[in-house]
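Dear colleague,

Please find below the sequence and structure that I am handing over to you. My notes on what was found follow directly after.

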Amino acid sequence: MIITKQKDFNELLSSVGKEPVFIVGCSECATMCHTGGEKEVLEMKGALEDKNIPVTGWVILEPACHLQNDKRILRKYKDEVNKANKILVLACGNGIQTVSEIIENAEVIAGNDTLFLGEIKRANEFEKRCNMCGDCIEDLFGGFCPVSRCPKSMLNGPCGGSIDGKCEVDSNIDCVWDLIYKRLKEKKQLQLLKIIQEPKDWSKSTETRRAL
Amino acid sequence: MNYRSNLERVLSKGKLAVTAEIGPPKGSDPDKITRKGEITKGCADAFNVTDNQTAVVRMSSMACSCILLKMGLEPVMQITCRDRNRIALQSDVLGASAIGIKNILCITGDHQSFGNHPESKGVYDIDSIQFIQTIKNMRGIGVFQSGDKILSGKPDIFIGAAANPFADPYEFRVDRLEKKIEAGADFIQTQSIFNVNKFNIWMDEVRSRGLDRKVHIIAGVTPLKSLKMADRMRFHIPGVDIPEHVANRMKNSGDPKREGYEIALELINDIKKIKGVHGLHITALFWEDVIPSLVRESGFLPRP
């Protein structure tokens, strides 16, 4: 799941100005994150109208990152989109760009900040789980990922700063090395941690591989 | 035998080595470092120069090491993996070797969120163990981390690493030390010790695995300068273990600075008797003036 957070409303107001707006949401991640589903899009519509900003229409794309689907859906909203000077997109960084590829005549405004690829722990509580490094090595670590979950991406054991199993950088998050150690101990696989893990091959990552 | 450095010479002869930490200044004034060098000259076999410790910007460890070299002091240059990728790290190893730096201590580094630029992006391309292994291969085989060959001059570095005998998960601490040795560490500098009992438990395990014969263990000691510093280290520095009886001595003393000094003397005296300890590393945080008397009263002078 791509985890997003809606930008501060006042910040959005200064980006939107007073011109007519068309609002775009997304049926997938932004819906699950409550940052760009139908409910949030309608709330945004109401909030903008309360500030006397005209909203020409709205749509929930299914999902916003699907270029061909978006083109098909947005065709039906041609008039509403044409009346707007600003397109406010409540989706992830990908969804915003896919919309920008299609709508060229209006200014596209990012309504959300995209945070990470993570887990929904419970409602409105999310935690990072993956850096999309292009070379998954979680099986070496009892199914946990130190690349994304350790703030120092340490591959050869914990830094030694954790306190009661919590990360020294943020006491709200578990030290992933504590989890790895406990899980491998349970599975009697602690010998895995004795192997020196070589530096990661970042040439396999999205840093360089941008299309598939 | 040819030794890579003075530190290696002292350690190899089975003498208790003494190293002292010199913190680079928060500014470009070279006098700050030369003054610390003058105060501590002759008190230690090598002088450990920190690399933007606690992620606060300071004069570079390479430049400070160079200044110490010019004064005739032998530096242990610290390099962290926080601020450089593998290209820059290896480049610094070559550069350090070229200007005459013989000892490098490899550490992952304190996280940038603790420093004076919490908005910065950490690098962490490789970790300390991978960095140790990289230098070992540069030195021994003459190859870079990628496998590409070094063309002119293999860096002949005495490789150091850090160890924390007090951190969690506690059972993994000696395993991690063993990994650092396997990666290529020649000497180990421990976290500052205040809890001798816990350090002894760690050392028992180190000796039972024969690790004290594979690597030189240099035990860290920090004189506490004030009650405030004791509290800060106790509650805010991850991985530091200050037991209650030490904290109480600082709290109940009419002269905490004197008490901190006495505690350090006692710690050195206890630690130097522990089998398998090959040296003492004194980190007098911004209190370098105390090092000469601490070393003298511990019976470490003159240095061999």
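**Chain A: individual residues**

S203(A) has 10 C-beta neighbours inside 10 Å and therefore counts as exposed (a residue is buried if 20 or more other C-beta atoms lie within 10 Å of its own, exposed if 12 or fewer, and partly exposed in between, with C-beta atoms placed from the backbone). This is a predicted model, in which local features need pLDDT of at least 70 and side-chain atom pairs count only at pLDDT 80 or more, while totals for chains, interfaces and linings use all residues. Residues are numbered from 1 along each chain as its sequence is written, and chains are lettered from A and ligands numbered from 1 in the order in which they are written.

S203(A) belongs to the segment after helix 8 (176-186) of chain A (helices, H or I with at least four residues, and strands, E with at least two, are DSSP runs numbered from the N terminus). Its C-alpha atom is separated by 35 Å from that of V24(A), which is 179 residues apart from S203(A) along the chain.

K5(A) sits in strand 1 (residues 2-6) of chain A. With 13 other C-beta atoms within 10 Å, K5(A) is partly exposed. Leaving aside neighbours within four places in sequence, K5(A) is in contact with T35(A), N112(A), D113(A) and L115(A) (two residues are in contact if their C-beta atoms, placed from the backbone, lie within 7 Å). The C-alpha atoms of K5(A) and E127(A) are separated by 13 Å, and these residues are 122 residues apart along the chain.

**Chain B: the barrel**

In chain B, 8 strands close into a barrel in the order 1-2-3-4-5-6-7-8, with parallel pairing (two strands pair if DSSP finds at least two bridges between them). On average, neighbouring strands of this sheet are turned by 30° against each other, direction ignored (axes are lines fitted to C-alpha atoms, for helices over the stretch in contact, and angles run from 0 to 180 degrees between N-to-C directions).

Strand 6 (residues 187-192) of chain B is largely enclosed by the rest of the structure, because 6 of its 6 residues are buried. On one side, strand 6 of chain B pairs in the parallel sense with strand 5 (residues 158-163) of chain B over 4 bridges. In this pairing G160(B) stands opposite F187(B). From strand 5 of chain B the chain passes through helix 6 (residues 173-183) of chain B to strand 6 of chain B, in a right-handed β-α-β crossover (right-handed if, with the strands pointing away from the viewer, the path from the first strand over the helix to the second runs clockwise).

Strand 6 of chain B also pairs with strand 7 (residues 216-221) of chain B, in the parallel sense and over 4 bridges. Here S192(B) stands opposite G220(B).

Strand 7 of chain B is joined in turn to strand 8 (residues 277-282) of chain B by 5 bridges, and the two run parallel. A219(B) stands opposite L280(B) in strand 8 of chain B. Helix 10 (residues 256-271) of chain B packs on the sheet and touches strand 7 and strand 8 of chain B; the direction of this helix makes about 160° with that of strand 7 of chain B.

**Chain B: a helix pair**

The axes of helix 6 and helix 7 of chain B come within 10 Å and cross at roughly 50°. Helix 6 of chain B is therefore oblique to helix 7 of chain B (angles under 35 degrees count as roughly parallel, over 145 as roughly antiparallel, 65 to 115 as roughly perpendicular and the rest as oblique). Their crossing is right-handed (left-handed if the near helix is turned anticlockwise from the far one by less than a right angle, and right-handed if clockwise). R173(B), V174(B) and L177(B) of helix 6 of chain B make the contact with W202(B), E205(B) and V206(B) of helix 7 of chain B.

**Backbone geometry**

Most residues other than glycine have a negative phi, and most peptide bonds are trans. The peptide bond from E62(A) to P63(A) is cis, with omega near -15°, and P63(A) lies in the loop between strand 3 (55-61) and helix 4 (67-75) of chain A. D168(B) and P169(B) are joined by a cis peptide bond with omega of about -15°. Y124(B) is not a glycine, yet has a positive phi of about 50°; with 23 C-beta neighbours inside 10 Å, Y124(B) counts as buried.

Yours sincerely
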